[in-house]
Amino acid sequence: MKEILRTKVKDLLAMQAGSDVLAKGWVRTKRGNKEIAFIALNDGSTIKNIQIVVDKNADTEPVLAQIGTGACIGVQGKLVESVGSGQAVEIKAEEITVYGTCDPMRYPLQKKDTSFEYLRTVAHMRPRTNTFGAILRLRSQMAFAIHEYFHSKGFVYLHTPLITASDAEGAGQMFQVTTLDLENVPRDKKGRIDYGKDFFGKQTSLTVSGQLEGELGATALGEIYTFGPTFRAENSNTPRHLAEFWMVEPEMAFYDIKDNMDLAEDFIKHLVSYALEHCMDDIQFLNDRYDPELVERLRSVIGTEFVRLEYTEGIRILEEAAKNGVQFEYPVSWGIDLQSEHERYLVEKHFGKPVILTGYPKDIKAFYMKQNEDGKTVRAMDVLFPKIGEIIGGSEREADLAKLEHRIDELHMSRRNLEWYIDTRRFGSCPHSGFGLGFERLLLFITGMQNIRDVIPFPRTPKNAEF
Ligand code: 4AD
Ligand code: MG
C-alpha cells in the first residue's frame, strides 16, 4: 500500500470525497452490525469525529476485536461521501493499525460517570473527553487572540519574573521560595530566620502579579503587556479562585483611568468576538450540552456599552436593594470590599450588563493606585461580568513620588524593598495605568463553565496539586 501523510480530522471533514487518506486518533465509540463496524475517531483537532467504516471479514475481525473506546489507531482508506446523516464524508477503511489498545474495564472515562467532580479526579485523562477538548482548544485560541490583540496595537510583550522579593498587591498571599533546610533553618543572633543564607540571599516568593515590573517596562517602552502564571496562597476554596492562575497585564504610559477603561472594554469585546468568529464549533457544543444561553450571552456583551459606575453610587444601589428586601449574605455599607454576590447583583439584576466600577475606597485597594482629591478614594477600576463577578482589576497608578512614598509608609510596607519601583517616580515620572485580566475568569465566561477548576488543564487549589 502506498505511503500517505496523515490528515487531521478537522481538515478531512472539509475535504471533497475521492482521495486516499490516512487518519490517526483515539476511538470515541465503536458500533455496528454483523457486516459493518462504525468507528467514531477523534484526534483533538476538532470537536467533531470522523466516521470510519470497516467491512467485517476474516481479515478485519482480529483487528476490530482489539479496538474499543479509548484505543489509539491509524486508518488508511478512501474518503467517501457518507450515506448516514451527521457527516458529509467518512473513511472506508482499507488498513488499520492499532497503536494502543484500551482496556474497557480499567479506562477511567466511562459513560456512567462524567460529572465534572469525577473528571477532576482523572484530570490526566479528561482532555480526551469532548468537553475538555473543546475547553482546551478555546483556551489555546484565546491565548493566541490576546497576543494578537496587543501585537496589533504595538504593545511590547514583557517577560516579568516569577520569583520575586516584593509583594505587588501587598496582601501577604505569597508562596515562599526557598532552598533552606526546613528541618534545620539557619537563624541569626536574635533567633530570626537568616535569609542571607537562602538561595537568593533574601526572602523570596512566587509572584502574585507582574505589574510592578510591568510599570518599569511601560515607563520606558510606552505600552507593554505581560501574560503568564501568577500565584496566590489565598485559602479561598471558591469556584472562581485558583492558587496558580494566568494573568494578562497591560501597562500603558500616558493613559489615565478613562483611557484604561476604554482599553479594557475594547480588549474584552475583541476577545469575545474572536471566540465567536474562530471557535464556534466548540462554543456551540458547550452551548448545546451545558448552557443554552451561552452564545446569546457572548453576543450580548459585544453589542452593549459597559456601565461605568462610581463605587459610592454602587453602594447606594446595593443599600437601596437591601432596603427593598434583597437578601445579601454580607451586609453593605460604604467602605466594604464588594463580595461576588454584590457584584453580580449590580451586573445581572440592576443593570443587566457588564459594569466598570471605579473610585474605590483607598483602604481596600493596593498601595500603588492613584489617590483622588477627596483623600478617601483611589482611581481603581474593576470590570464586573455576568456570572463571573470581577474579571479585570486595574487602576491609574500614583505617579507622584511623595504621595506614593507616603502611602507605602502608611501601610507599613518596606520602602527599601521597593526602591527600584519608586525610581520610576523619581526619574521622569509619567501618568500611567494598567490592569490585570484573570485568564481563567475570561475562560469561565467564554466556555460557560461554572467552576474555574474546569478551564485549566491541571488546577492548583488548597490541598490539591495532583498531576
Ligand atoms: O485584582 P487583582 O488582584 O489585580 C492585580 O493583580 C493587579 N496587579 C493587576 C494590574 O493592575 N496589573 O487581579 C487581577 C485579576 C482579577 O480581576 C481576577 O480576574 C484575577 O486576576 N484573579 C484570579 N483568578 C483566579 N484565581 C485567583 N485566585 C485570582 N485572583 C485574581
Ligand atoms: Mg481585584
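Good morning. A residue counts as buried under 20% relative accessible area, as exposed over 50%, and as partly exposed in between. I begin there because two residues in this predicted model fall in the middle class: Phe458, at 35% relative accessibility, is partly exposed, and Phe467, at 40%, is partly exposed as well.

These two residues also form an aromatic pair. In general, a pair of aromatic rings is described by the distance of the centres and the angle of the planes.

Another of them joins Phe367 and Tyr421, with 6.0 Å from centre to centre and 75 degrees between the planes, which is edge-to-face. Where in the chain do the two partners lie? Phe367 belongs to the loop between β13 (355-361) and β14 (377-385), while Tyr421 is in helix α12 (residues 419-426).

Finally, I turn to charges placed over rings. Lys365 lies over the face of Tyr360, at 4.2 Å from the ring centre. Lys376 has its charged end over the ring of Trp334, 5.3 Å from the centre of that ring.

Thank you for your attention.

Definitions and conventions:
Residues numbered from 1 in each chain as written. Chains lettered and ligands numbered in written order. Predicted model: local features only at pLDDT ≥ 70, side-chain atom pairs only at ≥ 80, totals over all residues. Heavy atoms only, no water. Phe/Tyr/Trp six-rings, centres within 6.5 Å; stacked < 30°, edge-to-face > 60°. Helix = DSSP H or I, 4+ residues; strand = E, 2+ residues; numbered from the N terminus. Buried < 20%, exposed > 50% of the residue type's maximum accessible area, 1.4 Å probe, protein only. Lys NZ or Arg CZ within 6 Å of the ring centre and 35° of its normal.
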